[in-house]
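Trainee: I would like to learn how to read a model such as this one, feature by feature. Could we begin with the way its elements are named?

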Amino acid sequence: MPELSELVGGRRLILVSNREPYEHVRSGGVTEIRRPPGGLVSALDPLMRRTNGVWVAWGSGNADRDAADRSGHVPVPPEDPSYVLRRVWLDESEIEGYYQGFANSALWPLCHMFAQHFEPRSDDWEKYRLVNERFAQAVAEEAAGAADPVIWIQDYHLALVSATVRTLVPGALIHQFWHIPFPPPDIFQLMPSAMGVALLRGMLGNDLLEFQTERAARNFLACVDELIPDARIDPERQQVQSEGRTTTVRAFPISIDVQYYEGLAEEPAAAELAAKLRDRYTKKGRQLAVSVDRVDYTKGILERLRALDLMWDRHRELRECLVFLIVATPSRSALAVYKQLEEQVVEQVERINAKYRTRGWTPIVLIPENVSADRLAAIYRAADLCLVSSLQDGMNLVAKEFIACQVDERGLLLLSRFAGAAEEIEGATLINPFNIDGLADGLKAALATPLAERRARMARMRYDLHGATIFDWLRSILTAANELRPRPPAGVRPARV
Ligand code: ADQ
């Protein structure tokens with residue numbers, strides 16, 4: 001496999017995402033530089049370091065403007081700069097309309113098929129268009145003068161960027177990774193038709209469109225087929241021809257930096273914390289189960305709690321056999337539906353604990369905060385069981401983090417069949433989180449699974465995961481993009497399309 005930097009091959013790489021890799025935040029008169037949590041930034045940052053590219057993102061920190069020059073440029077990483085962060089400035093009403101509004105109250109619920117939370121407001125749509133336009137302008141400025149730029153857009157916040165960049169930088173190779181599911185036409189058509197058509201046309205501005213799963217890729221093609229009259233689809237080659245251009249649509253399941261997570265779990269401090277957790281929670285032969293999510297209605301947290309309630313209600317004998325650790329970090333709390341869910345989770349945990357608690361046993365331990373990566377690794381390592389109960393999920397990285405951190409190979413993974421990860425991971429027990437009865441039975445069966453079987457399944461999953469890391473994901477995307485448009489020999493100007 002070639003090195004990542006070779007795959008970019010001396011072209012100027014411009015990465016575009018809503019979130020920035022470094023945020024300047026001032027509090028109490030002191031400015032600090034924060035890196036947002038999550039694996040994606042940690043994977044893309046090394047790519048950018050090696051290719052000296054430009055990362056275009058929303059300048060979200062309250063001290064971001066002070067740290068940037070007049071064009072919004074900041075050399076990063078701060079300790080040893082090797083690429084440029086170009087910040088895009090948004091005001092309060094733009095953040096509300098573009099981010100909280102159209103992206104998170106219309107596209108997010110629609111793509112996850114939550115019609116009940118879908119609110120497509122025209123004001124939000126206008127802001128979404130405007131902000132996408134601003135990102136596209138910033139990309140075009142950064143691409144100016146580069147002979148053969150490669151532009152890689154991330155996610156659903158920026159669905160309209162590629163089509164605009166295409167008109168501003170005609171020779172560029174443009175591709176986009178869509179991190180969340182894509183719905184079938186019956187659901188997508190809940191979107192007001194002008195917005196739906198504009199979104200699909202916007203996404204067709206890409207040369208390559210990357211989804212997490214084959215299902216999402218198929219759904220996108222089916223939506224194009226129904227809503228874009230001039231589009232011609234070649235299902236075999238997974239390509240769309242429209243307005244004289246070709247967009248290739250394929251699945252590239254995302255992964256994690258496996259060695260990093262495994263290394264964290266193997267640290268002596270993690271081993272010690274894992275032992276402490278087991279000491280505290282697995283007394284008297286109890287098992288320790290864990291779940292880790294942002295508090296989001298797509299993650300099925302309430303369904304998980306209902307299944308636990310049902311299991312303990314039906315099976316008295318299981319009452320003291322399990323402690324469930326729910327690590328749930330609040331997220332998007334500015335939106336009422338998320339705030340309400342945070343409250344419901346706390347209420348339900350309290351209710352269930354009050355119903356079943358005994359002298360020496362608290363059934364559910366809620367950790368309602370963002371936990372550091374090393375603590376998380378120790379929690380994953382300590383667990384006998386991890387439950388991912390997403391009602392819909394693009395991939396779900398928690399499932400993969402759990403596997404990477406299970407260095408003692410004792411844990412079972414119960415994984416929703418509606419998470420993209422279910423299409424890939426062999427060795428997990430698949431569950432249907434809508435079926436509360438079935439989930440309660442699944443939990444009961446999981447508790448009874450013999451250690452030898454758990455070990456065999458975990459060993460298999462760990463082996464497979466080592467062969468499909470985030471670096472393999474990056475390589476396969478960059479290779480596919482290169483194959484679509486190989487770099488012209490030196491001195492040859494790129495063809496204009
Ligand atoms: P998310 O919806 O955020 O991501 P997920 O893939 O599970 O879902 O990633 C969450 C990340 O946040 C994980 O790295 C996890 O460890 C971390 N995290 C969650 N709760 C935490 C907590 N309480 N403390 C610390 N860390 C916590 C979107 C899509 C997914 C897709 C990813 C990547 O919705 O389907 O897998 O992008 O493409």
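Predicted model: local features only at pLDDT ≥ 70, side-chain atom pairs only at ≥ 80, totals over all residues.

Mentor: Helices (H or I, at least four residues) and strands (E, at least two) are DSSP runs, numbered from the N terminus. Residues are numbered from 1 along each chain as its sequence is written, and side-chain values use heavy atoms, with hydrogens and water left out.

Trainee: What is the phi of Arg-332?

Mentor: In general, most residues other than glycine have a negative phi, and most peptide bonds are trans. The phi of Arg-332, however, is near 50 degrees, a positive value in a residue other than glycine. Glu-409 also has a positive phi, near 50 degrees, and this residue lies in the loop between H15 and E17. As for the peptide bonds, a cis bond joins Val-76 and Pro-77, with omega at about -10 degrees; Pro-77 sits in the loop between E5 and strand E6 (83-88).

Trainee: In what order do the 10 strands of the open sheet stand?

Mentor: Pairing comes before order: two strands pair if DSSP finds at least two bridges between them. Here the order is E5-E6-E4-E1-E7-E8-E9-E12-E11-E10, with mixed pairing. Strand E5 (73-76) and strand E10 (232-234) stand at the edges and have a single partner strand each, so one side of each is left without a neighbour in the sheet. Within the sheet, strand E1 (residues 13-17) runs parallel to strand E4 (residues 54-58), and 4 bridges join them; Ser-17 stands opposite Ala-57 in E4.

Trainee: Which strands does helix H6 touch where it packs on the sheet?

Mentor: Contact means heavy atoms within 4.5 Å, and axes are lines fitted to C-alpha atoms, for helices over the stretch in contact, with angles running from 0 to 180 degrees between N-to-C directions. Helix H6 (residues 161-168) touches strand E7 (150-154), strand E8 (173-177) and strand E12 (245-251), and its direction makes about 170 degrees with that of E8. Helix H9 (residues 214-227) lies across strand E9 (208-211), E10, strand E11 (239-242) and E12, and runs at about 150 degrees to E12.

Trainee: What is the order of the open sheet of 6 strands?

Mentor: That sheet has the order E15-E14-E13-E16-E17-E18, and its pairing is parallel. Strand E15 (364-367) and strand E18 (429-431) are at the edges, each with a single partner strand, so one side of each is left without a neighbour in the sheet. The twist from one strand to the next averages 20 degrees. Strand E17 (residues 412-416) is joined to E18 by 3 bridges, and the bridge partner of Ser-416 in E18 is Ile-431.

Trainee: Which residues come nearest to the ligand?

Mentor: A residue is near a molecule if one of its heavy atoms lies within 4 Å of it. Of the 22 residues around the ligand, His-179, Asp-393, Met-395, Leu-397 and Glu-401 come nearest. A polar contact is a pair of N or O atoms within 3.5 Å: a backbone N or O atom of Met-395 lies 2.8 Å from an oxygen atom of the ligand, and a polar side-chain atom of Gln-212 lies 3.0 Å from an oxygen atom of the ligand.

Conventions
Polar contact = N/O pair within 3.5 Å; in protein donor to acceptor, adjacent residues only side chain to side chain.
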